[in-house]
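Hello,

Here is the structure I promised to pass on. My notes follow below it.

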Amino acid sequence: MIKHCIGFCLLLLSFEGMGQQFSGKLINARPIAMDIVVFPFGMDYPVKIGTVDKAGQVAINLAAADISKIPDDTKALFLSRLSDHFFAKCDYSDSLFAGEKVKAISCEMPALWHNKQWSAALYLTSDEKLQPWLEDRYYKEPVKASFFQLLYVDDDIKLQSNCNTTYNLEKGNVPTLNKFDLTLKKGFNMVQYVIEAIHTTDPAETSSIPSRLHIINITDYSSIRWMVKYF
């Protein structure tokens, strides 16, 4: 019985490790080794989450992301309630039942960092056709695919709830559904947004709108297409 328990615990630890360390390959990579960083606490404090080598191979280690040297008052300035930092903004944030206890910050898009300069932006999608929409959601069309967000939380929390986002357009309101099935651990988490349905709009006013989003923990890191836009 003890052996079975030990084996099960080791299996759980291995899954947690897989969630913190993963790999990929840049699309259209340049032959330059760089760090991969995010700026959740401002441009003065880049946080290294991984590297890319000259062959474009990506190695991410979220467990090694160190924010210990960032001043506490700076962290307090950026951290706020969790519901404010999801890509999907609920009409009523209380509908997530996240409360005010857990604080969070979105890391926006990761960057390639070379010689202490921002060299490129990374767009993480499951389909290359989604990148234009991520760059400009008001004039480019979305497709049914997934995109990914790195989110920092200061405590563990589990979210299983739905909420609505209403878009006010000239021809009437467009209600959308956001379904959350998330278990977030203290630290950095990779969140997956699955676009399951799209509402077609008048392109003269705005681009089409994802009308049903499923927000989950990523399960297949190999599905990420590491799109890069150099400066």
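What is the handedness of the disulfide of Cys90 and Cys163? The torsion about its S-S bond is about -70°, so the disulfide is left-handed. The sulfur atoms of Cys90 and Cys163 lie 2.0 Å apart, and a disulfide here is a pair of cysteine sulfur atoms within 2.5 Å. Cys90 sits in the loop between β5 (80–81) and β6 (103–106) and Cys163 in strand β10 (residues 157–169), so the pair ties together parts that are 73 residues apart in sequence. Strands are DSSP runs (E, at least two residues), numbered from the N terminus. Both cysteines are buried, meaning under 20% relative accessible area, with exposed over 50% and partly exposed in between (1.4 Å probe, protein chains only).

A word on the source: this is a predicted model, where local features need pLDDT of at least 70 and side-chain atom pairs count only at pLDDT 80 or more, while totals for chains, interfaces and linings use all residues. Residues are numbered from 1 along each chain as its sequence is written, and side-chain values use heavy atoms, with hydrogens and water left out.

Now the strands, which pair if DSSP finds at least two bridges between them. Strand β7 (residues 111–114) runs antiparallel to β2 (residues 34–38), joined by three bridges, with Ala111 as the partner of Val37. Four bridges join β7 to β8 (residues 117–125), also antiparallel, and Trp113 has Trp118 as its bridge partner. In the hairpin of β7 and β8, Asn115 takes a positive phi near 55°.

Finally, Phe231 follows β14 (225–230) and counts as exposed at 60% relative accessibility.

Best wishes
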